[in-house]
Amino acid sequence: MDFYYSLAQIIGFHTLLGLSAYIVLQTGQVTLAQAGFFAIGAYVAGMLTVLAGWHLVPAMIVAGLAAAIMACLVGFPALRVRGLMLVIATLAFGEAVRLFFFNFDYQIAKGDVKIGPLGGEGFRQIRWFPENGWTSFEIMLFVWAVVALVAGALWWIDRSRFGAVLRAVGEDELAAQSVGINLTAVKVTAMTIGGFIAGLGGSIYAHYTTHIEHANFNVLLATFAIAYPILGGLRSVFGTIVAVIFVQGFLVEGLRFMGDWRNLLFGALIVAAMNLRPHGLIDAATARRLARLFGREQRRA
Amino acid sequence: MGFVDYVQAVIDGLLFGTTYSLIGIGFTLVFGVMHKINMSYAAASLAGAYCGLVGPQLLGLPAWTVFPLSIIAAGAIGYFIYLTCFRFIPLASPLATLMSTVGMLLLLDEIVVHSTAGMPQNYPAIYDGDPVEIGSFILRADLLGVFLVCVAAMAVLLALLYRTRLGLATRAVAQQPVAAQLCGMRLQAVNGLTFVIAGLLGGVAGAMIGASVGMLSPLISGPITVKGLIVTVIGGLGSIPGAIVAGLLVGAAENLFQALRNVTERDIYVMLLLFVFLVLRPGGLFATARGRD
């Protein structure tokens, strides 16, 4: 049973990662920096609980804020450019963060062992959950409570005026600008919110694995982050959650018996999915059909 | 480390930087005709170089055959990528092409890891003679070979683009796809051929990277992808002279940072260089005013 609890936790923090990219994608920006914000969240939260002895919840919030501030700072120069240039800029930022942690040493002696991040060897002993006697089931509930909060907030944003503004920028920047929307402010806000969510996800990830190192936060993770919302379709947060369950639950865990071939299949599957369904697995038409199936029309179709 | 060492580092970097120029040109060429980024390009170039190793390692051919085989294989992979990631995806959905090429990047990397069991493979040097000494500086023979081959590849490409009918068609499609079609050019054929040309160029780059590093490992493809894209941005998307200059610049800067700091930190500074350009010159070195986007 613990295996399934653990899988549910993995799906939980990957959902947060996917949702962090979801809100940025709403404004039509493709970001490969989410792995970098995820890494910042993981390291900051880990250092706060392990080195400073904080409780997990405040550590998570501070980690989220740290990632959000970083996202805001990166947002301004990066959002001067659009589209493909932004992809490249955020990709470079993500790699720069990873390399920063590859070179980052900050160790303090605790008893007779030294703890803290140590460059390429990574950051061990992030044992807040076991030290406080949490069971796997309780951790799962906690993770999904956070996911529910974040997904709920995003679901609410989707229906609010701000959500409409985000989508307006995503659909047509020129039209949005001509009705008086400040493009830079909207994009940087979306980026900052995305950074906060990724930071939360990273802090959970660090406490789930207990050992983080720079190699965990590579381009592959950044790709996962944007792959979830794109595969799920950008119409609703539920698309992202479905995509995470599909990828992590079925492709990664379900196909484990295939060994190495699983990784080959992953790339090929993305290529195939994009050829067959270029607007995501759950695109607008499918979303309408599903809504009709469950007997309620969507307000915005 | 004295001044002479730093100059030496810059010289080595400039020589190796030509490979970055080639990768940057490849990204830029595809961007020029399709207005899309082919994220799998650098991985495809290195996969081509891996394919070249099949000649000497499995078929028992002489060592030099690795170079032509790499180039041909990379050209073929280029066309394969065109078919799988661009041909059948609607032009109006840029996200889909981006994702499909990232998927292809992961797929190519995994195929390489799978077929070599993740072990680094030795790659022959293009030329191992005595280094050329100029005053107190040395030009490493292997890097000099790489430099000359890359410059030759660029010259062939420029001749192709500006002296042949195919080049004329490519430039026409890059400028005005609809008008080019009205003049009787087959859009799909030109796009496909551009991918083959970019692929061949990538094959040269992949082979030269292998030749100057001395081996190929799956770990190279990530950094080369990022640096190729940085070169493209610094040079200005769609600008071939920009990519050439930016490639040399990134190569020199990278080696200088390595001499000043160390090998694990150097790439951070290269990324910072990109951000400096984004803030001060977001359109790149050689962008036209219209292309600043």
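## Basis of the model

Residues are numbered from 1 along each chain as its sequence is written, and chains are lettered from A and ligands numbered from 1 in the order in which they are written. In this predicted model, local features need pLDDT of at least 70 and side-chain atom pairs count only at pLDDT 80 or more, while totals for chains, interfaces and linings use all residues.

## Contact between chains A and B

Chain B contributes 37 residues to the contact and chain A contributes 38 residues; two residues are in contact if their C-beta atoms, placed from the backbone, lie within 7 Å. On the side of chain B that touches chain A, at least two residues each come from helix H4 (66–87), helix H5 (94–116), helix H10 (221–235) and helix H12 (266–280) of chain B. Helices (H or I, at least four residues) and strands (E, at least two) are DSSP runs, numbered from the N terminus.

H5(B) gives the largest share of this side, 13 residues. By class, the side of chain B that touches chain A comprises 26 nonpolar, seven polar and four charged residues. Here Ala, Val, Leu, Ile, Met, Phe, Trp, Tyr, Cys and Pro count as nonpolar, Asp, Glu, Lys and Arg as charged, and the others, Gly among them, as polar.

## Helix H10 of chain A against H5 of chain B

Two packed helices are described by the angle between their axes and the distance between the axes. Helix H10 (residues 219–232) of chain A and H5(B) have axes that come within 11 Å and cross at roughly 140°. Axes are lines fitted to C-alpha atoms, for helices over the stretch in contact, and angles run from 0 to 180 degrees between N-to-C directions. H10(A) is therefore oblique to H5(B); angles under 35 degrees count as roughly parallel, over 145 as roughly antiparallel, 65 to 115 as roughly perpendicular and the rest as oblique.

The crossing of H10(A) and H5(B) is left-handed, a term for a near helix turned anticlockwise from the far one by less than a right angle, with right-handed used if clockwise. From H10(A), Leu220(A), Thr223(A), Ala227(A) and Ile230(A) make the contact with Leu95(B), Met99(B), Val102(B) and Leu106(B) of H5(B). These residues divide into seven nonpolar, one polar and no charged.

## Helices H1 and H2 of chain A

Within chain A, helix H1 (residues 2–26) packs on helix H2 (residues 34–50) at an angle of about 130°, and their axes are 10 Å apart. H1(A) is therefore oblique to H2(A). The crossing of H1(A) and H2(A) is right-handed.

Leu17(A), Ser20(A) and Ala21(A) of H1(A) meet Gln34(A), Phe37(A) and Phe38(A) of H2(A) in this contact. Four of the contact residues are nonpolar, two are polar and none is charged.

## Individual residues

Most residues other than glycine have a negative phi. Gln125(A), in the loop between strand S2 (113–115) and helix H5 (128–131) of chain A, has a positive phi near 55°. Gln125(A) is partly exposed, with 14 other C-beta atoms within 10 Å; a residue is buried with 20 or more such atoms, exposed with 12 or fewer, and partly exposed in between, with C-beta atoms placed from the backbone. Phi of His35(B) is positive and near 55°. His35(B) lies in the loop between helix H1 (3–34) and helix H2 (41–52) of chain B and is partly exposed, with 16 other C-beta atoms within 10 Å.

Gly167(B) belongs to helix H7 (residues 165–175) of chain B and is partly exposed, with 16 other C-beta atoms within 10 Å. Apart from neighbours within four places in sequence, Gly167(B) contacts Leu160(B), Leu161(B) and Tyr162(B). The C-alpha atoms of Gly167(B) and Thr194(B), 27 residues apart along the chain, are separated by 9.2 Å.
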